[in-house]
Structure formats: C-alpha cells, structure tokens
Amino acid sequence: MPMHFVYIIQNQNNVFYKGYTTKPDHRLQQHNVGLSKYTADKGPWELVFLKSFDTKTEALKFELMLKRQNHRYLLWLIKSEQNEI
C-alpha cells in the first residue's frame, strides 16, 4: 500500500507551495523542471516539509488545512516535530 504525503516546497523568494503526492522526490523534480503550471517559472524549489499519511483522505484534508494557513504558521510547522525531513 503506498504512503501518501503532504509537502511544502520553498523557493529563493520565500514563496511556499503546498501539495499532495505519493512520490515526494519525483514530485520535487517535476516542480524544478517546469512540469507544474504554478511553480514552473518560480524555481528552483527546495523540499522544506514532508508529512506522511496512511490514507489519501487524511493527506488531502491536511493539505487543504495547510493551504488556508499564513506564512508564520508554515514557518512554525516546518520547524516542528511534525516535519519528517
């Protein structure tokens, strides 16, 4: 059974992008070679947060919550014990 991940990537201008994937390394490569519309012209991107989930539903709920958070919360989360990097 595949693991499900929610991730945050950050560029040099301190812009965050939050997403869901089952293959974090592959997804980061996609962002950095321009295969993701929103991030295509804003890289390079670095993976700064990763959290795993047993189900896709749990992961997508967490991703939706993340997309509603402010910059300060994201910085706190990246430094927290929830970060699996």
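Colleague: What do the buried residues of helix 2 pack against?

Modeller: In this predicted model, the buried residues of helix 2 pack against strand 1 (4-10), strand 2 (16-21), strand 3 (46-53) and helix 3.

Colleague: Which residues of helix 2 are buried?

Modeller: A59, F62, E63 and L66 of helix 2 are buried. Viewed down the axis of helix 2, these buried residues fall within an arc of 105°, so they line one face of the helix.

Colleague: And which exposed residues does the face turned away from the buried side carry?

Modeller: That face of helix 2 carries the exposed residues T57 and K61.

Colleague: How far does helix 2 reach from its first C-alpha to its last?

Modeller: Helix 2 has 12 residues and reaches 16 Å between those two atoms, close to the 16 Å expected at 1.5 Å a residue.

Colleague: Which residues is E63 in contact with, leaving aside neighbours within four places in sequence?

Modeller: With those neighbours set aside, E63 is in contact with V6, K18, G19 and Y20.

Colleague: Let us turn to the helix pair. At what angle do the axes of helix 2 and helix 3 cross?

Modeller: The axes of helix 2 (residues 56-67) and helix 3 (residues 71-79) cross at roughly 135° and come within 10 Å. That angle makes helix 2 oblique to helix 3.

Colleague: Which residues make the contact?

Modeller: Helix 2 contributes F62, M65 and L66, and helix 3 contributes Y73, L74 and L77. The residues of this contact divide into six nonpolar, no polar and no charged.

Colleague: Which residues of helix 3 are buried?

Modeller: L74, L77 and I78 are the buried residues of helix 3. They cover an arc of only 100° around the axis, which puts them on the same side of helix 3. On the other side of helix 3, R72 and K79 are exposed.

Colleague: What covers the buried residues of helix 3?

Modeller: The cover includes strand 1, strand 2, strand 3 and helix 2.

Colleague: A different topic, then: Y17. Is Y17 buried or exposed?

Modeller: Y17 is buried, with a relative accessible area of 17%. Its place is in strand 2.

Colleague: What does Y17 touch, not counting residues up to four places away in sequence?

Modeller: On that basis, Y17 touches Y7, I8, I9, R27, H31, S36, Y38, T39 and W45. The C-alpha atoms of Y17 and Y7 are separated by 8.2 Å, and these two residues are 10 residues apart along the chain.

Colleague: Where is N14 placed?

Modeller: N14 is in the loop between strand 1 and strand 2. With a relative accessible area of 45%, N14 is partly exposed.

Conventions. Residues numbered from 1 in each chain as written. Predicted model: local features only at pLDDT ≥ 70, side-chain atom pairs only at ≥ 80, totals over all residues. Heavy atoms only, no water. Axes fitted to C-alpha atoms, helices over the stretch in contact; angles between N-to-C directions. Helix = DSSP H or I, 4+ residues; strand = E, 2+ residues; numbered from the N terminus. Parallel < 35°, antiparallel > 145°, perpendicular 65-115°, else oblique. Contact = heavy atoms within 4.5 Å. Nonpolar A, V, L, I, M, F, W, Y, C, P; charged D, E, K, R; others polar. Expected span 1.5 Å × (residues − 1). Buried < 20%, exposed > 50% of the residue type's maximum accessible area, 1.4 Å probe, protein only. Arc of directions from axis to C-beta.
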